[in-house]
Amino acid sequence: MDKILLFIPVYNCEKQIVRVLDQLDDEVMKYISEVIIVNNRSTDNTEMVAAAYIRQHPSLPVKLLRNHDNYGLGGSHKVAFGYAMNNDFDYVIVLHGDDQGRISDFLPVLRSRYYKKHDCILGARFMRGSSLEGYSRFRTFGNVIYDFLFAFATGRRIYDLGSGLNMYSTGMLKDRFYIQFPDNLMFNYCMILASEYYGHDIRFYPISWREDDQVSNVKMASQAVKVLKMLKDYYMDPAVITQDYRDTDVDGYAADVIA
Ligand SMILES: Nc1nc2c(ncn2[C@@H]2O[C@H](COP(=O)(O)OP(=O)(O)O)[C@@H](O)[C@H]2O)c(=O)[nH]1
Ligand SMILES: [Mg+2]
């Protein structure tokens, strides 16, 4: 049996976190050894709600972690990847805590052990077989264009730059190549570029994605420009991927287990 960690990043998800945890039924938990909710210093009641859920579901192997600082979404990935490796997990699944994705979309991947053949399986929102709810045509179109640009720069087909449902083998993460990647939402874009640079075997897998009561933190216009610059720099010289992309230095990505 593979030891699989489920990592749920949360930042101000008090309304959604219960719905996400309710997705963890017996069928899903057959494959998951442990769940960590990584609270990135939410300013709402996310932490209280998550802790109450844990108390009410003593048989569910869930821990609640609190980052020492607000590390951003990328920083929370670094916390979780570190946790997975320090605790001898073979794989880590990322599922965003704002209930936009469904972990059950990965059940076929888990049942067939498709994940074992590759370094990572990336949930894709813009692929044949994907389904989107509450996404405007404009937003979908923008994403498809960016997927295409990244495909051009990396010479690989790209169906999503960073959805909220992904699975990584810890073997691929071992040398911690990702540690100087951005701590914000651009973390995933670097992971895509890195897959070409380091030769990771990545596979996209179609998923469903919805937007109803979530607040997106992606500042579309300003991020779109930054991403283009990142891509251009990489295209000119792929070795830029080894640079430090962070605005502020963080030496340890640390978190305490609080429940
Ligand atoms: N925006 C943001 N999200 C964070 C942070 N830390 C963890 N997250 C989680 O990262 C996920 C993605 O963020 P979100 O703003 O929803 O991005 P989007 O879904 O791509 O529009 C959510 O589950 C957040 O709760 C953070 O510092 N900022
Ligand atoms: Mg979201």
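**A close look at N166 and its setting**

Mentor: N166 counts as buried because 27 C-beta neighbours lie inside 10 Å. A residue is called buried if 20 or more other C-beta atoms lie within 10 Å of its own, exposed if 12 or fewer, and partly exposed in between, with C-beta atoms placed from the backbone. This is a predicted model, in which local features need pLDDT of at least 70 and side-chain atom pairs count only at pLDDT 80 or more, while totals for chains, interfaces and linings use all residues. Residues are numbered from 1 along each chain as its sequence is written, and chains are lettered from A and ligands numbered from 1 in the order in which they are written.

N166 belongs to strand β7, residues 165–169. Helices (H or I, at least four residues) and strands (E, at least two) are DSSP runs, numbered from the N terminus. Leaving out residues up to four places away in sequence, N166 touches V94, C120, I121, L122 and G123; contact here requires C-beta atoms, placed from the backbone, within 7 Å of each other. S33 is 133 residues from N166 along the chain, and the two C-alpha atoms are separated by 17 Å.

I37, in β2 (residues 34–39), is buried because it has 27 C-beta neighbours inside 10 Å. Beyond four places in sequence, I37 is in contact with I8, V10, A50, V62, L64, L65 and G97. Its C-alpha atom is separated by 13 Å from that of D22, which is 15 residues away along the chain.

The wider setting comes next. The chain holds nine helices and 10 strands. Its radius of gyration is 17 Å, close to the 18 Å that the globule rule gives for 259 residues, so the chain is as compact as a globular protein of that length. That radius is taken over C-alpha atoms, and the rule is 2.2 Å times the number of residues to the power 0.38. Along the principal axes, the C-alpha atoms fill a box of roughly 50 × 40 × 35 Å. Of the 259 residues, 41% count as buried. Among contacts between residues at least 6 apart in sequence, 84% join residues at least 24 apart.

Turning to the helices, α8 (residues 187–198) has 12 residues that should span 16 Å at 1.5 Å a residue, and its end C-alpha atoms are 16 Å apart, which agrees. The expected span is 1.5 Å times one less than the number of residues. Nine of the 12 residues of α8 are buried, namely F187, N188, Y189, C190, M191, I192, L193, A194 and S195. Their cover includes α4 (72–86), α6 (137–154), β8 (202–206) and α9 (220–236). After α8 comes G199, with a positive phi near 75°.

α6, part of that cover, has 18 residues and reaches 26 Å from its first C-alpha to its last, close to the 26 Å expected. The axes of α6 and α9 come within 10 Å and cross at roughly 15°; axes are lines fitted to C-alpha atoms, for helices over the stretch in contact, and angles run from 0 to 180 degrees between N-to-C directions. That makes α6 roughly parallel to α9, since angles under 35 degrees count as roughly parallel, over 145 as roughly antiparallel, 65 to 115 as roughly perpendicular and the rest as oblique. The contact is made by Y146, L149, F150 and A153 of α6 and V227, L231, Y234 and Y235 of α9.

Within α6, Y146 is partly exposed because it has 19 C-beta neighbours inside 10 Å. Apart from neighbours within four places in sequence, Y146 is in contact with L161 and V227. Y146 and D160 are 14 residues apart in sequence and 8.6 Å apart in space, C-alpha to C-alpha.

Two loop residues complete the picture. N12, between β1 (4–10) and α1 (17–22), has a positive phi of about 55° although it is not a glycine. N12 is buried, with 20 other C-beta atoms within 10 Å. D88, in the loop between α4 and β4 (91–95), also is not a glycine and has a positive phi, near 60°. D88 is exposed, with 9 other C-beta atoms within 10 Å.

Technical notes: Two residues are in contact if their C-beta atoms, placed from the backbone, lie within 7 Å.
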